[in-house]
Amino acid sequence: MSKMFIGALSGTSMDAIDIAAVDFSEAQPRLLAHANYPIAQDLTARVRSIQSDACRLSEYARLDYIFGKLFADCINDFIKQQNFSPQTVAAIGLHGQTVLHDTSQESPLTLQIADPNVVAYKTGISVVSDFRRADIAAGGQGAPLVPALHALLFAKPDKKQAILNIGGIANVTVLDGKQIVVGFDTGPGNCLMDAWSLKHNNQSYDKNGEWAAAHSPDSALLQAMLKDSFFTKTPPKSTCTGYFSLDWLADYMQESTSLSPGVVVATLAELTAVAVANALQGYIGEGNELLLCGGGAHNRHLVECLRRHTKLTVLSTADKGTDPNWIEAIAFAWLAKLRLENRSGAIPAVTGADVATVLGAVYRTNCETY
Ligand SMILES: Nc1ncnc2c1ncn2[C@@H]1O[C@H](COP(=O)(O)OP(=O)(O)OP(=O)(O)O)[C@@H](O)[C@H]1O
Ligand SMILES: [Mg+2]
């Protein structure tokens with residue numbers, strides 16, 4: 001079997017479709033090529049419309065097809081640009097576009113769109129998709145799924161360290177030597193800052209955190225938000241941007257209506273960092289390393305806040321040899337490989353599942369036996 005796998009996703013920030021081609025023939029994954037493809041604003045608005053309880057079922061089904069076609073077009077372009085032959089790709093790990101994720105209720109749900117049938121047909125490559133629901137069926141959170149890859153990439157004997165992915169939502173993995181101590185979502189990564197920045201500054205994100213850095217956070221608002229039950233819950237836990245939304249923020253701002261937008265964005269940056277620092281307490285002590293990945297690793301102000309609050313040595317995963325922008329895409333390429341080998345990619349100690357399930361469903365393009 002070819003050892004090249006493609007990972008493709010557009011994260012909760014909906015900023016772009018990330019695609020990575022990864023070679024797994026050696027002990028360490030090797031990133032062969034990567035690209036991202038921005039998502040048109042009218043499409044992100046349509047995804048937001050189906051995140052609401054007033055979602056029209058036909059719009060959901062239509063977007064599932066539209067995103068399937070979009071992912072297929074992007075992957076085909078990527079393969080062409082890289083001069084790869086589709087036959088050399090063993091499979092595509094297609095996470096698609098996250099729409100909903102809420103495992104806090106008795107009937108948990110997670111929903112990603114981008115019809116894998118469309119991607120398999122239009123690329124001619126087998127697709128592995130629907131990575132989260134087997135773990136949820138087994139009583140788990142279905143998230144985060146990256147800790148096993150974090151361990152593969154960064155674990156060192158006798159070294160305690162944490163890896164923090166700062167996407168729309170932030171998730172952390174704590175490693176003690178090769179052992180995964182814990183992995184869970186810490187709360188908002190960039191999502192609240194992004195939504196606030198779009199609404200009050202007409203920018204999809206606060207570049208390098210400059211807007212936040214120019215203001216002081218409001219302590220009363222910060223303390224009020226930190227009382228939210230998500231932060232006080234013990235792991236396993238996961239969340240999504242539908243929870244940490246501007247509506248969520250508005251509930252906590254009822255007493256703080258006079259704050260300027262700049263003060264609020266500074267408070268949101270502080271919230272992300274303090275939530276991470278609080279979440280890590282008891283798992284990793286001062287002086288150990290915190291490796292950052294995901295787009296938030298580029299937010300200089302946020303990185304400073306994390307340094308100040310965690311008292312850890314804050315580095316980028318780039319300092320350990322892996323570009324912080326591509327770790328999630330590498331993870332889904334790897335999960336596709338595990339699926340084809342019928343091996344589990346889930347870690348019950350992280351997700352809280354009863355057993356380690358084999359994650360994902362396989363969509364073949366032809367009738368080959370395997
Ligand atoms: N230079 C920068 N300064 C500040 N923030 C940045 C910068 N570059 C990227 N970001 C932030 O990173 C976000 C994109 O990060 P990323 O793609 O990792 O998140 P994501 O798509 O939500 O991923 P996932 O949900 O899978 O973790 C942007 O929305 C923005 O908030
Ligand atoms: Mg992204």
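These are my notebook entries on several local features of a predicted model.

**Entry: helix 1 and helix 2**

I began with how these two helices meet. Helix 1 covers residues 41-51 and helix 2 covers residues 57-81. I found that their axes come within 10 Å. They cross at roughly 145 degrees. I noted the hand of the crossing as left-handed.

Next I listed the residues in the contact. Helix 1 brings Leu43, Arg46, Val47, Ser49 and Ile50. Helix 2 brings Glu59, Tyr60, Arg62, Leu63, Ile66, Phe67 and Leu70. I then sorted the contact of helix 1 with helix 2 by class: eight residues are nonpolar, one is polar and three are charged.

**Entry: Ile75**

I stayed in helix 2 and looked up Ile75, which lies there. Buried or exposed? Ile75 has a relative accessible area of 0%, under the 20% cut-off, so I count Ile75 as buried. I left aside neighbours within four places in sequence and listed the rest of its contacts. Ile75 is in contact with Ile6, Ala8, Ile19, Ile92, Val119 and Thr123.

Gln254 is 179 residues apart from Ile75 along the chain. Their C-alpha atoms are separated by 45 Å.

**Entry: Gln97**

I moved to strand 4, residues 89-102, where Gln97 has its place. How accessible is Gln97? The relative accessible area is 1%, and Gln97 is buried.

Which residue's side chain does the side chain of Gln97 join in a polar contact? I found Ser10, at 2.2 Å.

Val47 and Phe67 had already turned up in the contact of helix 1 with helix 2.

Gln97 and Leu111 are 14 residues apart in sequence. From C-alpha to C-alpha they are 8.5 Å apart in space.

Most residues other than glycine have a negative phi. Met14 sits in the loop between strand 1 (4-10) and strand 2 (16-23). Met14 is buried, with a relative accessible area of 6%.

Asn342 also has a phi near 55 degrees, and this residue is not glycine either. I placed Asn342 in the loop between helix 13 (327-340) and helix 14 (348-351). Is Asn342 buried or exposed? Its relative accessible area is 54%, over the 50% cut-off, so Asn342 is exposed.

**Entry: cis peptide bonds**

I looked at two cis peptide bonds. Most peptide bonds are trans. One cis bond joins Ala143 and Pro144, with omega about -15 degrees. Pro144 lies in the loop between helix 4 (133-137) and helix 5 (147-154). Another cis bond joins Pro235 and Pro236, with omega about 5 degrees. I found Pro236 in the loop between helix 9 and helix 10.

**Entry: helix 8**

Helix 8 spans residues 219-226. Which of its residues are buried? I noted Leu221, Leu222, Met225 and Leu226. Seen down the axis of helix 8, these buried residues fall within an arc of 130 degrees, so they line one face of the helix. In general, an α-helix has 3.6 residues a turn, so residues three or four places apart point the same way.

What do the buried residues of helix 8 pack against? I found helix 9 (229-232), helix 10 (246-252) and helix 11 (261-280).

I also checked the start of helix 8. A side-chain oxygen of Asp218 comes to within 3.4 Å of the backbone nitrogen of Ala220.

**Entry: Glu289**

My last stop was strand 10, residues 289-293, which holds Glu289. Glu289 is buried, with a relative accessible area of 16%.

Its side chain makes a polar contact of 2.8 Å with the side chain of Lys159. The side chain of Lys320 also makes a polar contact with that of Glu289, at 3.1 Å.

I set aside residues up to four places away in sequence and wrote down what else Glu289 touches. Besides Lys159 and Lys320, the list has Lys160, Gln161, Ala162, Ile284, Thr313 and Leu315.

Terms used:
Residues numbered from 1 in each chain as written. Chains lettered and ligands numbered in written order. Predicted model: local features only at pLDDT ≥ 70, side-chain atom pairs only at ≥ 80, totals over all residues. Heavy atoms only, no water. Axes fitted to C-alpha atoms, helices over the stretch in contact; angles between N-to-C directions. Helix = DSSP H or I, 4+ residues; strand = E, 2+ residues; numbered from the N terminus. Left-handed = near helix turned anticlockwise from the far one by under 90°. Contact = heavy atoms within 4.5 Å. Nonpolar A, V, L, I, M, F, W, Y, C, P; charged D, E, K, R; others polar. Buried < 20%, exposed > 50% of the residue type's maximum accessible area, 1.4 Å probe, protein only. Arc of directions from axis to C-beta. Polar contact = N/O pair within 3.5 Å; in protein donor to acceptor, adjacent residues only side chain to side chain.
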